[in-house]
Amino acid sequence: MNKNPVCELLGIEYPVIQGGMAWIADAQLAAAVSNAGGLGLIAAMNSNGEQLRAQIKEAKKLTNKPFGVNLMLMSPFIDEAVKVVCEEGVSVVTTGAGNPAKYMDQLKAANIKVICVVASVALAVMVERMGASAVIAEGCESGGHVGETTTMALVPQVVDAVNIPVIAAGGIADGRGMAAAYMLGAKAVQMGTRFLTAKECNVHANYKEKVLAAKDRDTIVTGKTLGHPVRALKNRMTREFQKKETDPSTTQEELETMGAGALRRAAIEGDVKYGSCMCGQIAGLVNSENTCEEIITSICNEAAALMGA
Ligand code: TUI
């Protein structure tokens with residue numbers, strides 16, 4: 001895996017990126033992934049500017065390796081977050097859940113490498129033109145905010161449409177998934193669900209246990225009627241949400257209120273019955289809590305063996 005374009009671009013040892021999971025991906029997780037040779041990301045979604053700055057400063061103390069920040073474009077703090085990553089000299093950001101056009105020039109002017117999460121060929125082509133350094137083609141097997149196309153179908157179509165490196169995400173949690181991503185033309189992988197169960201991940205223990213116990217059909221996508229579909233583990237919350245979503249008398253406001261704060265309730269408070277346990281379809285494969293180093297080395301070794309390297 002020498003001369004991997006994503007490793008060269010980012011100055012990392014292994015082509016493995018940790019997903020920027022809102023309320024979950026903090027400085028400690030990001031630093032653990034980066035110290036293990038991958039690219040750790042701090043999620044900016046749930047932080048105002050000063051909270052994000054504190055997380056970046058903490059990560060700088062915990063690692064001298066490159067790490068990044070995930071900018072969730074639907075976040076109420078997005079303008080502050082962009083300003084802070086520019087001021088703090090973060091080397092790379094990923095963007096997700098929208099079109100990053102508005103922020104691209106500002107980020108590039110601050111010498112930040114921008115890697116955009118895309119769920120379509122059209123957006124991949126657009127962000128390449130805007131100067132993105134790479135794209136993450138994320139299939140709808142992933143957890144949290146999802147597009148409509150699977151990883152298997154999305155990755156090769158994005159690979160054919162752009163000249164920048166493509167990183168595959170959605171449904172990848174072991175060496176087989178990584179090898180498959182390579183066969184589709186990806187040069188690296190991003191994993192969320194696998195790192196959610198890492199030893200260094202500070203998500204509430206109830207949430208972690210639920211992901212470790214989940215099987216293949218335990219996730220569901222809700223929120224399509226609101227325009228931001230979200231994949232999470234099935235529980236009382238998703239059942240009630242689904243019931244309301246299919247009831248024509250339910251208003252958008254009712255649904256928005258129900259969804260608000262749901263991820264925080266699960267990830268921070270441990271309410272896995274009435275919170276949103278966002279998680280990918282690959283959860284059924286994720287059965288053990290491991291260190292970030294174990295996760296990264298095992299997936300890369302397994303993929304290399306499968307590819308006959
Ligand atoms: O962003 C994610 N996953 C997320 S963000 C999140 S936080 C949240 N909290 C409460 C409610 C909802 C979300 C949890 N998970 N992944 C990256 C991603 N981006 N997946 C899909 C996309 C995407 C989809 C459509 C990117 C762009 C897009 O189109 C934009 C356009 O205008 O064309």
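A polar contact is a pair of N or O atoms within 3.5 Å; within protein, one atom must be able to donate a hydrogen and the other to accept it, and residues adjacent in sequence count only if both atoms are side-chain atoms. The model described here is predicted, so that local features need pLDDT of at least 70 and side-chain atom pairs count only at pLDDT 80 or more, whereas totals for chains, interfaces and linings use all residues. Residues are numbered from 1 along each chain as its sequence is written, and side-chain values use heavy atoms, with hydrogens and water left out.

A nitrogen atom of the ligand is 3.0 Å from an N or O atom in the side chain of Glu138. The backbone also takes part: a polar backbone atom of His145 lies 2.9 Å from a nitrogen atom of the ligand, and a backbone N or O atom of Ala97 is 2.9 Å from a ligand nitrogen. On its own the ligand has 710 Å² of accessible area, of which the protein covers 73% (areas come from the Shrake-Rupley method with a 1.4 Å probe; for residues, only the protein chains shown count as cover).

Ala97 belongs to the loop between β4 (92-96) and α5 (101-109); helices (H or I, at least four residues) and strands (E, at least two) are DSSP runs, numbered from the N terminus. The phi angle of Ala97 is near 65 degrees, a positive value in a residue other than glycine. Ala97 counts as partly exposed because its relative accessibility is 24%, given that buried means under 20% relative accessible area, exposed over 50% and partly exposed in between (1.4 Å probe, protein chains only). Asn111, in the loop between α5 and β5 (113-118), likewise has a positive phi of about 65 degrees although it is not a glycine. At 69% relative accessibility, Asn111 is exposed.

The second largest pocket has a volume of about 240 Å³. It is lined by 15 residues, and Trp23, Asp26, Asn46, Gln55 and Ile268 are the closest to its centre. A pocket is, on a 1 Å grid over the protein atoms alone, an open set of points with protein on both sides within 12 Å along at least five of seven lines, where a 1.4 Å probe fits; lining residues have an atom within 4 Å of a point. Grid points are joined across faces, edges and corners, and a volume is the space filled by probe spheres set on the points. Both β2 (40-43) and α3 (49-62) supply at least two residues of this lining, which divides into eight nonpolar, six polar and one charged.

Ser75 occupies the loop between β3 (67-72) and α4 (78-87) and is buried, at 7% relative accessibility. Its side chain reaches the backbone nitrogen of Phe77 at 2.9 Å, and a polar atom of the Ser75 side chain lies 3.2 Å from the backbone oxygen of Met45.

Conventions: Ala, Val, Leu, Ile, Met, Phe, Trp, Tyr, Cys and Pro count as nonpolar, Asp, Glu, Lys and Arg as charged, and the others, Gly among them, as polar.
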